[in-house]
Amino acid sequence: GNSDTGGGGSKDDGKITMGFSQVGAESGWRTANTTSIKESAAAAGIELKFDDAQQKQENQIKAIRNYIQQKVDVIAFSPVVESGWDTVLKEAKDAGIPVILTDRSVDSADKTLYKTFLGSDFVKEGRLAGEWLVEQKKSASGPVNIVELQGNTGAAPANDRKKGFGEAIAANPNLKIIASQPGDFTRAGGKQVMEQFLKAYPKIDVLFAHNDDMGLGALEAITAAGKTPGKDITIITVDAVKDGMQALADGKFNFIAECSPLLGPQLMDLAKKVHAGEEVPPRIETEETTFTTEQAKEALPNRKY
Amino acid sequence: MTDSRPVLTMTGISKSFPGVRALHDVNFRLFPGEVHALMGENGAGKSTLIKVLTGVYDTDEGAITLHDEPVSFSGPMQATAAGVSTVFQEVNLCTNLSVAENIFIGREPRLFGAVRWGEVRRRARALLARLDLDLDVSAPLGSYSLAIQQMVAIARAIDIKARVLILDEPTSSLDADEVAQLFRIMRQLRDEGIAILFVTHFLDQVYEIADRITVLRNGGLVGEYLTTELPQLSLVEKMIGKELDVLEGIEEHSRRDLATLEEGTPLVAVSNFGRGGAVEPFSLTIHAGEVVGLAGLLGSGRTEVARLLFGADRSDGGQVAVDGTASSLRTPAQAIDHGVGFCSENRRAEGIVADLSVRENMILAMQAARGWLRPIPRRRQDELVDKYVKALNIRPADPEVPVRNLSGGNQQKVLLARWLITEPRLLILDEPTRGIDIGAKTEIQKLVTQLSDGGMAVLFISAELEEVLRLSHKVAVMRDRQMVAQLANDESLDADRIMQTIASGSHREEADR
Amino acid sequence: MTDTMSRFRTMTGHRLFWPAAVLFAMLAANTIYRPGFLSIELKDGHLYGTPIDILRLSAPLILVALGMTLVISTGGIDLSVGSLCAISGAIACMYISKQPDQSSIAVVATALAMAMGVSLVLGAWNGVLVAVIGIQPIIATLILMVAGRGLAQLITEGQIITINSEPYRAIGLGHALTLPLAIFIALAAALLVAAFTRRTALGMIIESVGGNSVASRLAGIRSGRVIFLAYVISAACAAVAGFMMTANVSSADGNAAGLWVELDAILAVVIGGTSLAGGRFFLSGTIIGALIIQTLTTTVYAMDISPQTSLLFKAVVVIAVCLIQAPAFRARFTRRRRNAPPPAPVADKPKEQVPA
Amino acid sequence: MTTGTLTAGRNRFRLPRKQIPVLATLALLLVMYGIGVSQYTAFSNVQVIFNVFIDNGFLLVVAVGMTFVILTGGIDLSVGSVVAMTAMVSAALLQDGMPAALVLVIALLIGPTLGLLMGCVIHFFEIQPFIVTLAGMFFARGMCTFISGASIPITDGFWTAMSQERIGNPRGNFVSISVLIAFVVVAIAAYVLAYTRLGRNVYAIGGNPQSALLMGLPVGRTRIAVYTISGLCSAIGGILLSFYTLSGAPLIAVGMELDVIAAVVIGGTVLTGGAGYVFGTVLGVLVLGVIQTLITFDGSLNSWWTKIVIGGLLFAFILLQRLIGIRYK
Ligand SMILES: Nc1ncnc2c1ncn2[C@@H]1O[C@H](COP(=O)(O)OP(=O)(O)OP(=O)(O)O)[C@@H](O)[C@H]1O
Ligand SMILES: Nc1ncnc2c1ncn2[C@@H]1O[C@H](COP(=O)(O)OP(=O)(O)OP(=O)(O)O)[C@@H](O)[C@H]1O
Ligand SMILES: [Mg+2]
Ligand SMILES: [Mg+2]
């Protein structure tokens, strides 16, 4: 870096400096998210200080402290976990630096510690998935056996998607989750768990995977077991990354609740507003949708990630 | 002296290791105010008896009483607390700690729980002064030679307010002066009423200091004798279990003729070899079939010379010629390629690989020289191993036991075998007879003579001047890390003259030339 | 002592007895819980069944653990294997994904060769740090553990690279002689490593270096080379494991491939009886160790043990396996009296190690 | 013959030999700091240094415990999980409305108890510490997720006060209470290692456990004590972490054991035991902290480049330290 980057924000050249602390690079979704933020920062003429916390909250707190020292104009971050941000956010507030949350929220009681939270509603994603299933199976007379591939134990998307899905399917007592194990959001994990599910439970009707990757891994297991994914077993996932959409278009998946990583443009917009002192709503949801096979075929050609 | 009641009795002690019966129904008594020698061949069970006594090993059977109270220590800590202080065979100290700390650790003088380091150092200096040692007590123990470490271990043991003092081969790495020093202190302690158990392989020492002797053979008790009533010869017979003319073997004393050997190109010739802080530059030539003895006080740098010649340490400068052609001896592997072998004095740290079996330890050097891609065929291994197990009388004779299970002396023989198997042209033996029983010692001495007769060159390092004189064609004398003289072993050379050389250093110029 | 008693003693005294017994007990518990657990059926000329799954899934771990065994035997440790798996998989998949004909054998072979080449270089890097520069192994390999994940992601640009290559897929999922190919690959690697170490003198020399490096040097062993070689072998094993992991899901994930496999590998090695202090190593023990770990994982899924307790379960099994193996622990139970001898090496003859 | 006093006056040049690794680390740390200051103007703020301490206080405490373990030649992989478990238990108990003082006591007891158990298994059953503490790690992490799958916020007044109290100038340069606690722990540990029997026994065991046993030192007791100390330090670290984040999260401090081991080793402690200082560990923690600060200040690195650069800096550091160490040996 050159010698004046450290004080970049303090100079009043009108250029906004933003410190952004990313969770990590643990999935394709996350890298798409990072790319979106970097590209839109460049497009919006915002100087971005990027830090990868490698899935550690401690690292994020350290990064935020350093941003405060560097006197950046705006701090944005995707918290690794929900709780535990009050102290450092207070320091940011005292230093007069506005904070924007992206992707995941924090549970601070003091809502003045951050300006706004931009991100998807994981509970809603789970609910959308569940509602679709309820709709599909409303005519089912007998029990419908569901297996669930969870994300990392304790991660907010995993907890919330499970919660939303659970709430939605409660509408139909026939729908029953017979097994639920973490597949750690990875293909290998999804595959290995699904193999055992298939052995342990002869009759599986539905698979709900907390992300596409686990679903894709499970596909392999299902095929290897001699079943037809999408037909013998209904597959519902979340995210809508390219490979997932392809599978959906091919009819191997049945439904995807989108979770868009393309938060960049919205974030930069917010940053400018916040810097200019404008009021912004405390909660901004990303524009998201759901996909069925037909919709996927349409959307696939112009998917960016 | 011996009419009081024994301070310590051991009755019916048995102890087995997997596959070995190390002790079998052994009785032992120790009286206050006596020096009691425990004698026996390598592997007879001496160290095991001591370890059983001090609780390092549990007994299989038998009872121990101390002051008429039955005791069963769970380890040296308890034994020490009960007044039994021990110096174990092989120096067992922590080389990473300072000298002073090694002496006092576990019973440091303290003030409100804090160790008083000044006091520790002061007392350590005072204690070492009793042994006529002047060391930098805050230097790490590891920076001193094995002999000094041995003295420090003794200092530690005699400082403990003990009623029973156990010394397992304390003299094996000491030279005559230090032995004398040690004996002076042992007598003093004995006169204070302390009971001393003493293990050694030096018969002279036994007769000089011991009041009573217990002999073990093959894990069994042979008997307990008053020193005055047991002539040397019968002691040896009792240890070995058969009548032998070993002693005569040792007396055989042949002057060896240097002149004829020194013709022709030397096998190894080094000049200006040296290493800063360890040995001053020296020059030395060794011819095929020649035995060069290295004499000097402990710490005079003999081991350092050996290590330089073997490439274990690198020389700062100087030249080497092997068979007249310039070569380099910068790593042990290079030295071995040139046909040099080196049997270290520190067998535990630098010799045996405790995990491996006797067989593997023996063939290690040969295998290393061949490279790992060309394993020695198993049949050949067995032949070689078998040959040397027999030749050196290694016990137990099972080559597949881990070498860690062997007694100290037998481990030494394994090491010797390791080098003999490589059929080196120059064999460097650093204290090869340390801790070896009298029978084996003679064997090794005979072996050296045989080997040199067969054309092998030997660099022989020993604290025993007698032994050096007996075997060598030429004696190089070390003093204060300098090679002060190289003396032909002719009629005029005897121990006194070597000692004078060491004391005066007058021949220094001669060596420097 | 009766004859059967003594035979029992010799049997339980054998180094592999307890690890094998634990494995057996775990399989038995599973079978009781789910009677179909052990059943194997023949479908389309392939054998299917949980035992086959366990074998197939443990293949990458076995591979990594084999290399790890040698490294640990030299008294070292290799934390970078997980990252190496990710790198080798990433390179192979990246290359294949860029080719027009992903299913061509030549393409796959080139990809494997490239990835293997890079892995060997990285193994050599570890070897140099440890053997030449003299950095403590745990730290030396920690460098590559951290940076290696970054490298893998650099190669894949943080994306999950999906490929569609039948020959590559076969490494993970193919079949031969009714059994998964992965099993044969692991077996071949095991036999190769066994031959490499036990048919030559390498094994003994590694054990000697690990047992007492000073003494080994003085015996003329160029220990640097031996240690170097161990890290290179470990890297090669990790590379093959990386191929297998990525082939299994036909995609390379720089972040997740081989995550924490180093811990499992070390665990397998130790369960197999090799001491972390270096010295004697036991390849067959390592393999059983790896099987135990994989069976454990499968059990957690198959018994539907709740994710919250699965780590607790793992802790219990690990400690149980190690306890019953520990001579000191057994001594406490086989002999009531305090007078048990110190843990002496069990009466076994160190013999040529050729895994079954 | 007469050789008066045997002068084994073999005074090789060895004055600072034992301290060389520590000194090398110190020198390199200063160089690294210098680089930071010359590259980034804000780097010279005193608060940057204070922040390194604030952000690494808990790491420091845990590393001190690990120093004890490594000095005996052992290793403790459970520290990260125990830290997390302590934070988790505190958060859960506080949520249930238990008074802060009682929670502190309970939380501080869990770590040492687990450490004691592990120490006993290691000592009595002679199982390698790596494995025992790995099982401990699984256990503690399992307990975390068992207590709760999601993070639990802490709203307790005492915790909040400890977390947000700024010592010094609250608007300018300040440190947190955790930093003071960490320094107290460091001071106590340094004293224990240098001046108490327990401390000296730790070094002796690390030097040669067999010898230590034969010298009559309480090897078993010391070894168990060391793991208990490490457990206690992890517990304190866990409390500090819960001050720091005001929450307990099941997956916090994953992989922390490796950071801690790295810090201890960079600080000059040898993994085989017997040599090293607490002060070195402090430096090791600072090195890791400064590397991280440098990377955030740069702020232009990609996620994967971050890892590569951390690895690279670690390598450069260790290599230089090693070379300096060799040069002056
Ligand atoms: N830990 C052990 N495991 C198995 N066998 C052992 C062990 N220690 C000693 N032995 C065996 O016990 C026997 C007695 O050994 P011990 O060390 O007592 O002999 P020693 O009389 O001290 O001999 P030396 O004079 O050589 O030191 C030997 O056969 C030895 O191999
Ligand atoms: N603590 C030390 N500081 C400096 N030099 C040392 C130290 N310890 C040993 N040396 C060097 O090593 C030299 C040789 O010691 P060494 O023990 O090898 O001699 P030695 O004659 O073989 O004695 P020993 O009979 O004890 O084997 C010493 O003279 C000295 O130069
Ligand atoms: Mg002995
Ligand atoms: Mg010597």
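## Ligand, metal and cysteine sites in a predicted model

Glu345(B) is buried, with a relative accessible area of 14%, where buried means under 20% relative accessible area, exposed means over 50% and partly exposed lies in between, using a 1.4 Å probe and protein chains only. This is a predicted model, in which local features need pLDDT of at least 70 and side-chain atom pairs count only at pLDDT 80 or more, while totals for chains, interfaces and linings use all residues. Residues are numbered from 1 along each chain as its sequence is written, chains are lettered from A and ligands numbered from 1 in the order in which they are written, and side-chain values use heavy atoms, with hydrogens and water left out.

**The magnesium ions**

- Glu345(B) (OE) and Thr303(B) (OG1) coordinate the magnesium ion that is ligand 4, at 1.9 to 2.6 Å; donors are N, O and S atoms within 2.8 Å of the metal (3.2 Å for Na, K and Ca), and sites may look incomplete because water is not among the atoms.
- This pair links distant parts of the chain, since Thr303(B) belongs to helix α10 (residues 302-310) of chain B and Glu345(B) to the loop between β19 (340-343) and α12 (347-351) of chain B, 42 residues apart; helices (H or I, at least four residues) and strands (E, at least two) are DSSP runs, numbered from the N terminus.
- Thr303(B) is partly exposed, with a relative accessible area of 21%.
- The magnesium ion that is ligand 3 is coordinated by Ser47(B) (OG) and Gln89(B) (OE1), at 1.9 to 2.0 Å.
- This pair too links distant parts of the chain, with Ser47(B) in helix α1 of chain B and Gln89(B) in the loop between β6 (84-87) and α3 (99-104) of chain B, 42 residues apart.
- Gln89(B) is buried, at a relative accessible area of 15%.

- Oxygen atoms of ligand 1 lie 2.9 Å from a backbone N or O atom of Gly45(B), 3.0 Å from a side-chain N or O atom of His201(B) and 2.5 Å from a backbone N or O atom of Asn405(B).
- Taken alone, ligand 1 exposes 630 Å², of which the protein buries 90%; accessible areas come from the Shrake-Rupley method with a 1.4 Å probe, and for residues only the protein chains shown count as cover.

**Cysteines**

- A search of the whole structure finds zero disulfides over all chains, a disulfide being a pair of cysteine sulfur atoms within 2.5 Å.
- For Cys233(D), the closest cysteine sulfur is in Cys120(D), 18 Å away, which is too far for a bond.
- Cys233(D) is buried, with a relative accessible area of 6%, and Cys343(B) also counts as buried, at 1% relative accessibility.

**Residues in other chains**

- Phe24(C) lies in helix α2 (residues 17-33) of chain C and counts as exposed, at 62% relative accessibility.
- Ser247(D) lies in strand β5 (residues 247-248) of chain D and is buried, with a relative accessible area of 1%.

Note on methods:
Polar contact = N/O pair within 3.5 Å; in protein donor to acceptor, adjacent residues only side chain to side chain.
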